[in-house]
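Biologist: Hi! Could you walk me through this model? I'd like to start with the pockets.

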Amino acid sequence: MLIGVDSASAVDDALLELATRTIGRKPAFWGRYLTDGGVGATPVTRMEVDYLNSHDIAVALIYNGPILPDGLDVADKAVSACARLLGKTPLRTTIFADIERGVNIDAGWLLRFHNAMTGCGFRAGIYAPMASPMIHKALFVMNETDIVLWDAHWLVPLGRMPTGPQIEECPAADLGIRWQLRQIAGNVAAGKLDVNLMNGNPTELGLLVPQAEKQPAPQNTAKDRLLAIADEIRKIAEQI
């Protein structure tokens, strides 16, 4: 499994160094928010995504705005926020809706959210505690879809960092539902970071990953062209 973090504040050299010290390695991925969430979180920027990608760190986008009664409306808000902050993103980029405090989340809500996100060229993700009876029931019904699941399930009390064995033995499913990401610790590093595991590949799960630069097509030099002409002349001469 991969280990990463998420933060409410923007990432800079100091926070990246702190995250690396906290989890004992460079994060493989970093979760960042698309709104202030009404609590002063700093929304992600294109410059920040480029900074993280330049360090080979994938970026998970989290929509932390109001969870409206209709999943379609939440999808619209999430996609609009992403476009406003980041411009174009690759097809099937995942946006995780933070529904942990949502009310009346059922399979119908998830289906409308999923279909609206897919219709816009994105992939639907949700961040929520699967142990919640409401969330678990909705997910159980919707388990056949390709919604990316980010489970909120701390292995240790708030502010503490799990040990190596706790991380290694973390099950890949909860209550019969397989998760792709799981938040295993909250408010570590003086409250600046949450710690997460990933059970999958960042690219396949729709995170923003470094884009390989397109290599320019090789250009023929003047010498190459002259050699090609000489070769053609030789072939014609052989036929005479």
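Modeller: Happy to! First a term: helices (H or I, at least four residues) and strands (E, at least two) are DSSP runs, numbered from the N terminus. This is a predicted model, where local features need pLDDT of at least 70, side-chain atom pairs count only at pLDDT 80 or more, and totals for chains, interfaces and linings use all residues. Residues are numbered from 1 along each chain as its sequence is written, and side-chain values use heavy atoms, with hydrogens and water left out.

Biologist: Thanks! Which element gives the most to the lining of the largest pocket?

Modeller: That is E9, with 3 residues. On a 1 Å grid over the protein atoms alone, a pocket is an open set of points where a 1.4 Å probe fits, with protein on both sides within 12 Å along at least five of seven lines; lining residues have an atom within 4 Å of a point.

Biologist: What volume does the largest pocket have?

Modeller: About 660 Å³, where volume is the space filled by probe spheres set on the points, and grid points are joined across faces, edges and corners. The lining has 29 residues, and the closest to the pocket centre are Tyr33, Asp98, Glu100, Arg101 and Asp194.

Biologist: Okay, Glu100 and Arg101. What do glutamate 100 and arginine 101 form?

Modeller: They form a salt bridge, with the closest N and O atoms 3.3 Å apart. The term means a side-chain nitrogen of Lys or Arg within 4 Å of a carboxyl oxygen of Asp or Glu.

Biologist: And is arginine 101 buried or exposed?

Modeller: Arginine 101 counts as exposed because its relative accessibility is 70%, while glutamate 100, at 32%, is partly exposed. Buried means under 20% relative accessible area, exposed over 50%, partly exposed in between (1.4 Å probe, protein chains only).

Biologist: How many salt bridges are there in the whole structure?

Modeller: The search finds 8. One of them pairs aspartate 70 with arginine 112, at 2.7 Å between the closest N and O atoms. That pair links distant parts of the chain, 42 residues apart: aspartate 70 sits in the loop between strand E3 (58–63) and helix H3 (71–86), and arginine 112 in helix H4 (residues 107–119).

Biologist: Switching topic: where is asparagine 199 found?

Modeller: In the loop between strand E10 (193–198) and helix H8 (222–239). Asparagine 199 is buried, because its relative accessible area is 18%.
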